[in-house]
Amino acid sequence: MTDRPILKFPNPTLSQRRTGSPRTPPQPSGPGRGVQSERFRATFNRLSTALEAPSPRVALSADPAGIAPERALVFVTAGGIQNFARVARDLGLEVFAESELETIEDFPEGFSPPGEGEALSRTLYATMPTIAVFEQLITLWNAYERGETPPRGAAPWWKTFDLLLELRCWSPEDRLTVSAQEAIREQLPLDDYEEMGIEIEIWPTARADQRRDWRVQTEQRVQNLGGHVVDSASISESGFIYEAILASLPAHAVRSMLDDPSGIEGLAVLEGVQLILPQTVGQAPPGDPLAGQGEHEPLAGFNFETPIRGALIDGTPVASHEALEGGMVIEDVHDIVRLSQVNQRQHGTAMASLILRGDLDTDGVPLRDTRLVGVPVLVDADTGAWTPDNRLFVDLVHTALTTLISGDEPLATEVFVVNFSIGVADMRFTGRISSLARLLDWWAVKAGLLFVISAGNIGEPLLLSGVSALEFENSGEAVQREVVRAAMKAMGYGRTLLAPSEALNGIAVGAVSEDLAANEPPRQAGVISLSDEGETVPQLTSALGLGVNRSVKPDFLQFGGRQEARVRPSGTDAMLGAIEPSQRTGLIVASPRGEGRATQKMRGTSPAAALTTRAILQAAEALAEEGGPYEGLELPRKTLSLLTRALAVNAARWPEEALALYTEEYQFLGRGQHGRAKEEVCRHFGYGSLVPELMQRSPDSGVTIVGYGSIRKDQAQVFKLPLPASMSGDRIPRSMRVTIAWFSPINPARAQYRLASLEAVAADGVEDAELARWGLNLKADGPDANLIKRGSVWSKRLIHSTQTAPEFDEGSEIPICVQCRDASSGGLSQDEDIEFAIAVTLEVEADVRYDIHSEVEQQLRLRLQRGV
């Protein structure tokens with residue numbers, strides 16, 4: 001029990017969302033009805049003629065590249081069309097995908113970008129029409145072409161026709177994207193008859209019979225190409241549909257498909273295929289080949305009667321290892337354990353030891369109130385760990401979670417946090433969210449599970465342009481950092497988050513290049529360290545954000561072991577790569593090699609995620625322990641997930657190195673570019689570096705308060721934060737952090753994937769000049785105000801704006817209004833309850849004679865007694 005426990009807000013009061021003055025951003029414009037009629041008249045005339053034929057379906061399907069029923073129809077518009085999904089649904093038109101495309105500067109004559117911009121934004125809508133839909137669509141088009149007023153509710157169709165850039169079928173190039181082609185070519189065997197795995201995703205229509213027919217057609221085509229189906233999956237849940245095939249194809253067939261995606265006998269022309277991808281292979285890096293031994297004090301044991309609250313989806317841990325024994329249960333859901341030799345089970349063993357005991361050199365204390373269940377999904381080898389080559393990864397994960405949480409006889413119903421220190425190396429986030437990330441987001445909403453996901457390790461060396469290896473090695477640390485930062489920017493596209501860390505509702509964890517043990521190794525020739533001891537900088541290999549809708553990702557950084565690098569020549573330039581494996585630095589974790597308490601050193605975002613999971617489980621213990629805000633209560637899974645998620649982000653801080661990067665970026669970008677400069681900082685640091693202790697207790701000079709609530713669209717919940725009377729009139733530096741966490745419902749078919757947006761304002765439904773500065777004359781600091789609105793965590797940092805002394809009466813409070821809006825232009829139901837957690841930390845940044853924790857605690861106790 002801590003002497004500075006986290007406190008609990010009184011129950012909030014219901015209010016309405018403060019809408020303010022709506023701002024309509026500038027929109028692109030089209031060339032006008034006359035020009036659009038000329039551009040698309042032939043297409044609609046062909047449809048109209050075919051529909052008048054005795055067999056319209058036959059007439060339309062005669063052209064394999066033409067628009068036809070049950071063939072994906074694509075609308076590409078300038079900008080986006082508000083309520084397109086609604087009017088499409090009203091027409092009976094199923095919308096499968098809505099995505100924002102890259103802007104273009106070479107666009108058809110007559111179109112104009114919004115404002116004074118030079119590039120035109122575009123939105124793609126992928127739909128599946130029927131004969132009945134075509135008939136209604138032609139009726140609407142004819143009315144538009146005649147200049148008639150749109151029928152009631154059909155105005156978005158007139159807007160669509162006004163801004164229509166393309167109307168076409170889903171093409172082979174849509175199914176087999178450039179990035180997918182590049183990834184497949186990298187894996188393509190030289191031997192024409194050697195086979196490789198290809199993943200084929202079927203359109204996720206709600207009609208199971210249609211998905212089955214498309215899957216059968218695709219399987220037949222695979223056989224015609226000389227391949228065979230290795231695995232298939234059909235997941236049909238409310239809110240998540242996934243139909244896919246894992247095919248094994250000979251290299252010559254794959255090469256032909258890449259050279260000519262439109263080949264009539266190929267896979268990329270099949271109407272039921274949405275995407276063709278390289279096989280989704282989850283992987284984990286290899287561990288240290290050597291195990292450390294040495295003398296150690298005996299480790300304290302685990303309580304066998306404690307519940308299992310954490311899950312590890314990874315390789316197979318050695319549950320009998322001294323550091324794990326008694327704290328670990330393994331459920332071999334997929335019959336994978338037998339495929340890994342015991343001395344190769346490095347990654348799962350390391351992750352389990354970090355979750356259960358932390359760094360074995362500096363910590364080693366077992367979790368008090370929980371044990372861990374491991375579900376192996378990786379097959380271990382000396383060179384790393386990979387998912388089985390005969391299984392679809394998405395299905396592996398879904399089956400594992402179903403078995404644990406919601407099957408006929410669930411194995412671990414008290415699990416609330418899942419550690420996922422696995423990345424898909426060939427699936428870097430470029431704007432399209434992966435099926436695996438969508439699955440995790442869906443499980444978060446459905447079951448209230450909190451996924452802690454490693455951001456990913458980018459193993460490719462960094463190209464240092466314009467500098468030789470010798471020049472780089474001999475330059476000072478400041479110059480080296482400047483060169484590395486420039487290289488990171490130049491190669492940023494290839495160093496983005498690895499799937500599934502882009503998941504909206506999960507916590508993506510990057511890695512700080514620092515050990516927990518203070519044992520800096522001696523300098524060694526040829527070894528470069530890009531940080532001094534005690535500095536907080538991301539590892540060279542830690543993947544960069546941002547996330548979906550340019551949201552803050554990674555969420556924060558955690559210790560990942562000190563990373564050293566080596567530079568080598570590359571022509572007139574140089575290549576900088578991390579040294580792996582290494583005996584010199586790293587976190588001390590359990591090893592399957594050796595006897596007794598064998599250990600190894602490990603670095604990367606995997607151990608950073610595992611340490612974060614440990615911090616979350618410890619925070620959960622603190623919430624319900626004696627003196628905690630929910631003492632003695634068994635909190636529901638989603639409540640515990642959201643409270644600990646809010647506490648984690650609230651406990652992250654931008655270090656001095658992040659502030660220095662902001663200053664550097666702002667100076668480079670110029671005046672008025674605060675937002676872009678802060679975006680760059682968030683790509684590397686997220687919300688900052690995690691301070692795990694602040695998830696379990698209030699800070700020494702402040703107080704942390706948490707609360708929980710449920711809200712619907714356009715509603716608000718108001719929490720009352722008591723103000724410490726001693727702060728009134730005291731001219732001292734002060735700061736406040738306000739964090740809200742929720743699991744947003746999702747719609748994969750919309751460009752606005754996230755449906756619910758929450759934020760906090762310091763007001764109780766009224767305009768108040770003092771409350772606009774949060775009652776303490778504070779101003780925003782840290783991540784940009786627009787940036788924090790894009791995810792499913794909202795976290796605002798506030799500091800004193802000037803050295804003023806706020807005046808307020810005893811018993812004063814700040815009403816913190818948490819409000820919800822529809823982030824998807826009509827996708828969020830008015831009846832959907834959005835559960836959320838809030839964490840607020842108020843601090844004074846100087847030595848004072850009073851304790852604001854005691855004062856706030858006393859006021860809360862008095863209000864509880866009075867029932868207010």
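Methionine 695 touches Ile6, Ala615, Ile616, Ala619, Thr644, Leu647, Ala648, Ala651 and Leu690, leaving aside residues up to four places away in sequence; contact means heavy atoms within 4.5 Å. This is a predicted model, in which local features need pLDDT of at least 70 and side-chain atom pairs count only at pLDDT 80 or more, while totals for chains, interfaces and linings use all residues. Residues are numbered from 1 along each chain as its sequence is written, and side-chain values use heavy atoms, with hydrogens and water left out.

The largest nonpolar core has 113 residues, and Met695, Met736, Val738 and Leu758 touch the most other members. Such a core is a set of buried Ala, Val, Leu, Ile, Met, Phe, Trp, Tyr and Cys residues joined through side-chain atoms within 4.5 Å; buried means under 20% relative accessible area, with a 1.4 Å probe and protein chains only. Helix α15, residues 605-624, supplies the largest share of this core, 10 residues. Helices here are DSSP runs of H or I, at least four residues, numbered from the N terminus.

Next, the crossing. The axes of α15 and helix α16, residues 637-650, come within 10 Å and cross at roughly 110°. Axes are lines fitted to C-alpha atoms over the stretch in contact, and angles run from 0 to 180 degrees between N-to-C directions. α15 and α16 are therefore roughly perpendicular to each other, a term covering 65 to 115 degrees. Ile616, Ala619, Ala620 and Leu623 of α15 meet Leu640, Leu643, Thr644 and Leu647 of α16.

Methods. Buried < 20%, exposed > 50% of the residue type's maximum accessible area, 1.4 Å probe, protein only. Helix = DSSP H or I, 4+ residues; strand = E, 2+ residues; numbered from the N terminus. Parallel < 35°, antiparallel > 145°, perpendicular 65-115°, else oblique.
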